[in-house]
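I set down what I looked up, topic by topic.

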Amino acid sequence: MGNLNFIVGSEKDKERLKGIQAKKSADVSVDDLEFLAARIRQNVIEMIHRANSGHPGGPLGLADIYAYLYFKVLKFDTENRDHLLISNGHVCAVRYSAMALRGQIEEEELATFRALGSRLQGHPSTKFLPLVENSSGSLGQGLANASGLALGLRVQKNSGRVFLGMSDGECQEGMTWEAAMAASHNKLTNLHPFLDFNNIQIDGKVEHVMGVEPLDKKFASFGWDVRIADGHDFSAIGDAFSWSLENSERPKIILFKTVLGKGVSFMENNPDWHGTPPNKEKRDAAMAELLKAG
Ligand SMILES: Cc1ncc(C[n+]2csc(CCOP(=O)(O)OP(=O)(O)O)c2C)c(N)n1
């Protein structure tokens, strides 16, 4: 595990995190997950405030899912390890924070987010940080990237599972649907995409910019099994990942209903916070709410 030089948080938090890191995934409780998600959100706000640039809304909305994924699902220490790719690269603050909590990078490195030459680029780059597995930022490419990896692993008889974070806004990209068709044709059952279904993108509501609904029926029509789940309910998140990991003949996708900006009242559901960094006043107001939650 990494060292615990937090960029935000107390000595008590450090002790608590150490205790959770030492647990087997089955023993990580809902209380633990709530603590981890709150820490992810605090880090996200602190990182983006310090960088004075970045995207707070998506990462806050995804914090519960990434806490669950990193502490209950992903296995990195097995021979055929899991893989996590993200297609919506602009939300990478949530991933970097989850990686730090899991001990894959140092907590203090989060303070370098978006700095020139930092491993933690504002859009993930394998050149700077190979651990992120795919470079992203140009939306719509992730499903094709992840499908290629899933197919390659199957050919090599490698049982590693491929998880992929996606977003609703990027379903406006044609390549997503080309990849959906290919994954279905190739029956990629080792592929586990989960989509941030918050109906918000950079320019406002997805339904106003260019509607993607009905997303479930669209994926189903491409031969996929689809599950819609509450992305802020740990029991629903767990059930959805278990469902995705069960054997089936078809590719599967989880559409997680989330609230952009979750946990910070003035950011929630407000497209202005898709990509605006909080200034000192907003950082303090956000942190006051998040510290109470943690
Ligand atoms: C190919 C491409 N077109 C446009 C953009 C600019 N862009 C950055 S984020 C974004 C909105 C994406 O929607 P979504 O991921 O649903 O946003 P969120 O839920 O995180 O607010 C857009 C259009 C991009 N990164 N890539």
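I take helices (H or I, at least four residues) and strands (E, at least two) as DSSP runs, numbered from the N terminus. The model is predicted: local features need pLDDT of at least 70, side-chain atom pairs count only at pLDDT 80 or more, and totals for chains, interfaces and linings use all residues. Residues are numbered from 1 along each chain as its sequence is written.

**Entry 1: Glu46.** I located Glu46 in helix 2. I call a residue buried if 20 or more other C-beta atoms lie within 10 Å of its own, exposed if 12 or fewer, and partly exposed in between, with C-beta atoms placed from the backbone. Glu46 has 24 C-beta neighbours inside 10 Å and therefore counts as buried. I next looked up its contacts, meaning pairs whose C-beta atoms, placed from the backbone, lie within 7 Å. Neighbours within four places in sequence aside, Glu46 touches Ile7 and Val8. From Glu46 to Leu110 the C-alpha distance is 8.8 Å, across 64 residues of sequence.

**Entry 2: the sheet.** I count two strands as paired if DSSP finds at least two bridges between them. Five strands make an open sheet with parallel pairing, in the order 1-2-3-7-6. Strand 1 (83-86) and strand 6 are at the edges with a single partner strand each, so one side of each has no neighbour in the sheet. The twist from one strand to the next averages 20°; axes here are lines fitted to C-alpha atoms, for helices over the stretch in contact, and angles run from 0 to 180 degrees between N-to-C directions.

I then went through the pairs. Strands 1 and 2 run parallel and are joined by four bridges, and Leu85 has Leu164 as its bridge partner in strand 2. Strand 3 (residues 191-197) pairs with strand 7 over four bridges, with Leu255 of strand 7 as the partner of Leu195.

Entry 3: Which residues of strand 1 are buried on each side? His83 and Leu85 are buried on one side, and Leu84 and Ile86 on the other. Helix 5 (residues 142-155) lies across strands 1, 2 and 3, at about 170° to strand 2. In helix 4 (residues 92-102), 11 of 11 residues are buried, and they pack against helix 1 (11-21), helix 2 (30-51), helix 3 and strand 1.

**Entry 4: backbone.** I found a cis peptide bond from Glu213 to Pro214, with omega near -5°; Pro214 lies in the loop between helix 7 (206-210) and helix 8 (215-221). Lys187 has a positive phi, near 50°, and sits in the loop between helix 6 (174-185) and strand 3.

Entry 5: I treat a residue as near a molecule if its C-beta atom, placed from the backbone, lies within 6 Å of it. The ligand is surrounded by 20 residues, the closest being Gly58, Leu139, Ser167, Gly169 and Gln201. Helix 3 (57-73) and strand 4 (200-201) are the elements that give two or more residues to this shell. I sorted the shell into five nonpolar, 12 polar and three charged residues, where Ala, Val, Leu, Ile, Met, Phe, Trp, Tyr, Cys and Pro count as nonpolar, Asp, Glu, Lys and Arg as charged, and the others, Gly among them, as polar.

Conventions:
Two residues are in contact if their C-beta atoms, placed from the backbone, lie within 7 Å.
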